[in-house]
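Please keep the sequence and the model at hand while reading.

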Amino acid sequence: MKSPSQALLVSVSMLTAATAWAQGPEEVETAALELIENKCLVCHNTEARTSGLDLTTLDGALAGGAHGPALVPGDAEQSPLYGKIAAGEMPLGNPLPRKEHDIVRRWINAGAPWSRAITHGEKRSRAVSDWWSLQPLSESDPPALQNAPEGWQSPIDRFIYAEMEHKRLAPSPPADRATLIRRATFDLTGLPPTPEEIDAFSNDPSDNAYERLLDRLLASKHYGERWGRHWLDVVRFGESHGYEQNHLRNNAWPFRDYVIRSFNDDKPFDQMVLEHLAGDQVAAGNPDVEVATAFLVAGPHDTVGIDNIEGQLQKRANDLNDIITATSGAFLGLTVHCARCHDHKFDPIQQADYYRMQSIFEGVHFDQRVVANAEQIQQREHRTRPIEEALARTDKELQTIAEQAEPLIERQKPSIVARYRPPVDAKGTEETFEPVEARFVRMRISGRYRGTPRLDELEVWTSGPKPRNAALASAGGKASAASTRKADDDPNAYSVDHVIDGDFAKRWISNDPDRGEVTVELAQPETISRIFWSRDRLGGFQKTFLSGVPTEYVVETSLDGKRWRKVADTEDRLPYTEAEQDELILMTVLDADGKRRRQSLLQHKKKQQAELDAIPKLPTVYAGRFEQPEDPTHLFKRGNPMNKGEAIAPGGLSTLENIFPRFELGLEAPEGERRLALAKWITDDRNPLTPRVLANRVWHYHFGRGLAGTPSDFGYNGERPTHPELLDWLAQRVQAYRWRLKPLHKEIMMSAAYRQSSRYDIDAANIDREARYLWRFPPRRLEAEAIRDAILAVSGKLDPTMGGPGFRLYKYTVDNVATYYPRQEFDEATFRRSVYHQAARSVKVDLLGQYDCPDSALPAPKREVSTSPLQALSLLNNPFMLQQAVFFAERLTSEAREPHAQVNRAYRLAFGRAPTPEEQAAAVDLIGEQGLPIFCRAIFNANEFLYVM
């Protein structure tokens with residue numbers, strides 16, 4: 001039998017791995033059939049039968065279509081229906097979230113019960129201009145209520161209660177003050193309230209205590225950090241390029257700071273839209289605003305060079321598609337990107353609309369640019385201009401010498417080149433010499449082309465009629481190096497053994513950036529006459545990818561490994577690059593005076609360049625580079641950039657033409673004017689989408705789900721709002737507040753709907769399991785960042801420093817591609833709020849990754865909430881958690897002397913309440929048996945710590 005303390009530890013740990021609610025078989029069937037009905041029957045119904053598949057009946061699903069049966073009851077993994085959904089291939093253009101994948105999987109594994117008929121019925125197959133989100137904002141007044149409970153009289157509450165009555169639901173009682181302050185504080189700041197703040201609010205007898213609490217929280221600097229993080233999700237902000245190389249963007253952080261600052265300043269959101277799309281146009285020379293255009297290039301970008309024109313055009317088209325996707329989703333709630341290849345299948349968005357937007361962004365390039373004010377630019381120019389002018393004079397003199405020598409070069413170049421051997425070749429370079437007996441061969445590299453010296457093979461060939469590579473490990477050869485780079489995940493990744501393994505796909509890399517030395521010991525003395533080395537034998541790293549090529553070296557041999565003899569070097573080879581070859585030829589044809597003059601000028605230029613380089617450069621930000629497009633935008637037939645159609649001018653979407661006219665510019669409109677025109681069209685008072693989408697996002701983050709459950713898709717494949725009149729009323733409030741969000745937050749949070757408890761009621765849950773009609777406040781788990789920040793706050797280690805370059809929860813290394821290694825030790829530099837973490841794409845750092853922190857490769861308008869054993873294991877055993885539990889214990893020891901007081905303090909810090917007598921007794925026992933840090937780990941693992949009720 002477990003002791004009370006063991007029971008506390010086990011139960012608290014297991015709570016994390018449990019779901020907040022469970023679905024029974026009937027609920028799973030209902031949910032699965034509703035998904036099929038709402039998401040699949042548009043294409044796979046009795047009439048349409050796309051690919052021959054009819055999903056209106058179980059028989060149809062079992063019969064399947066052109067690709068065989070869609071369903072294998074009892075085995076989701078063998079069911080194409082689940083496979084297509086899980087892969088994100090279906091529904092076409094609108095993949096389902098992981099939570100819905102799980103519903104389909106569980107339903108199929110339960111035998112795919114199909115107890116009711118589902119039909120396509122009268123459902124329209126697509127949205128047209130009369131779609132709900134494309135209508136002007138309705139001006140309906142809040143409904144008059146006869147029987148509303150006390151306190152449910154605000155306009156928001158009247159809309160909510162009217163729908164509750166319709167559903168035969170009743171609201172829950174108000175939350176107690178301790179619960180309410182914890183909810184509101186996490187909601188607005190992402191941090192837990194202190195015990196002192198809880199006491200002050202709980203004991204405040206004034207009628208406006210809650211209102212004053214909201215005013216304090218909205219004025220907190222932490223508000224911008226919390227709500228700025230929400231917005232960074234929406235705009236897919238990441239601090240690395242993504243794709244194969246995935247190098248960090250070390251100057252992307254100013255956009256994050258701009259967002260946090262804008263939220264804290266309560267900057268009107270329509271102004272933020274203008275600045276996001278055209279900050280360089282509305283505030284040229286103001287770095288604090290110009291950085292906002294980083295929104296345009298905040299997404300992933302492929303930095304791998306492509307030689308063929310098809311690949312280059314496709315990569316450019318993908319960049320523009322990312323900008324279009326982010327812009328239309330974030331501000332308009334439209335999936336314009338689905339019209340890239342053809343007219344939108346479900347929404348009234350023409351393919352021409354897509355290319356109107358592409359034309360707007362045609363001059364935007366993923367790159368950094370100087371972002372400085374006029375004074376900074378002027379001061380630097382004052383320092384650099386004299387040096388640049390002197391440097392230009394030096395270059396002109398050097399050019400004159402070269403031009404005067406051209407006749408000599410033309411006559412003598414062939415004979416000069418003939419004196420030298422060809423330059424080294426990264427794919428393979430041979431050095432021959434007179435036969436010599438040796439057991440050791442050494443290659444000392446003193447010069448390299450771009451990057452740290454590296455080799456993929458070093459062959460040592462015997463002389464005679466049957467030469468063989470005696471260096472191979474398989475022949476008994478051994479290799480050693482003066483230094484070798486080490487990789488954290490694989491200590492042998494760049495081992496010198498690779499130069500004698502016969503495998504050209506692996507390579508040795510020196511740990512010295514400028515030189516390297518490799519020695520091969522043969523199995524026995526051999527008579528050798530040549531070596532053959534390569535850096536890129538397979539040719540996979542040519543041109544822009546080529547680096548680390550040994551260009552200057554000496555080859556030596558020895559019998560005993562002590563006395564060495566030089567047998568080859570690169571002194572008689574042409575230099576590796578054409579520029580170096582040209583300089584060699586020029587210096588060869590010049591007379592003595594010419595040589596001295598040119599060498600003097602080159603030294604002078606080097607000194608001038610050093611002076612110029614010493615002047616601090618103007619700040620650059622990864623905020624996009626803008627150029628006037630050289631050619632007009634063309635519609636790509638079937639989305640193929642190699643198949644151009646008609647020219648398309650920049651303009652607004654035809655989707656809203658019934659409400660207000662779209663703008664259209666000329667084919668050669670100035671680049672900046674295009675983006676500014678779009679920003680003004682998006683924020684036009686007649687545009688109903690922008691305030692609707694914004695109001696829904698604010699509601700989403702307050703209640704865990706928007707009134708429309710798909711925050712960035714207000715089209716046919718998105719969810720229709722549960723309270724359409726309330727949504728429009730809130731959208732009008734956005735405009736009434738002149739697009740400032742803080743008054744809207746306050747109005748929502750002052751409502752009785754927000755302030756009610758999260759008490760569970762089984763009868764209400766049978767009607768509305770997810771509390772979408774708000775018969776209770778929907779409890780929800782904290783996001784990954786809020787969990788980590790709360791841990792730091794409770795342990796007493798949270799660093800409140802705001803802004804500036806972020807910290808890293810990984811070790812970053814680059815060898816053509818970036819590699820990220822998770823940190824196992826954490827210092828004070830990593831104790832800042834998680835919004836300041838330099839989040840790299842495709843990198844799931846511990847704790848944040850397990851708790852569904854988005855990857856940022858795509859916009860994340862709402863966070864997925866998964867439940868997995870790894871979450872509980874991470875909270876229990878992650879090195880960060882072990883460290884913070886010790887810090888928490890140290891804090892408790894310093895603030896309370898004996899175990900009962902320590903337990904009380906721990907509960908109040910972590911949960912915002914005192915422990916019950918039973919909890920107190922079990923916790924004291926646990927501390928006595930296992931120690932205070934173990935108790936602190938248990939506290940961090942409690943659902944009460946992880947959830948907001």
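A residue is called buried when its relative accessible area is under 20%, exposed when over 50%, and partly exposed in between, using a 1.4 Å probe and protein chains only. The model is predicted, so local features need pLDDT of at least 70 and side-chain atom pairs count only at pLDDT 80 or more, whereas totals for chains, interfaces and linings use all residues. Residues are numbered from 1 along each chain as its sequence is written, and side-chain values use heavy atoms, with hydrogens and water left out.

In helix 19, the buried residues are Gly-594, Arg-598, Leu-601, Gln-608 and Leu-612, and these pack against helix 16 and helix 18, contact meaning heavy atoms within 4.5 Å.

| Helix | Residues |
|---|---|
| Helix 16 | 374-404 |
| Helix 18 | 578-589 |
| Helix 19 | 592-614 |
| Helix 22 | 724-736 |
| Helix 23 | 741-749 |

Helices here are DSSP runs (H or I, at least four residues), numbered from the N terminus.

Helix 22 and helix 23 pack at an angle of about 145°, with their axes 9 Å apart; axes are lines fitted to C-alpha atoms over the stretch in contact, and angles run from 0 to 180 degrees between N-to-C directions. On the helix 22 side, Trp-729, Leu-730, Arg-733 and Val-734 meet Leu-744, Glu-747 and Ile-748 of helix 23.

Leu-730 is also among the residues with the most contacts inside the largest nonpolar core, which has 179 residues; such a core is a set of buried Ala, Val, Leu, Ile, Met, Phe, Trp, Tyr and Cys residues joined through side-chain atoms within 4.5 Å. Trp-699, another of those residues, touches Leu-730 and Ile-748, among others.

Terms used: Helices (H or I, at least four residues) and strands (E, at least two) are DSSP runs, numbered from the N terminus. The expected span of a helix is 1.5 Å times one less than its number of residues. Lists of a residue's contacts leave out its neighbours within four places in sequence.
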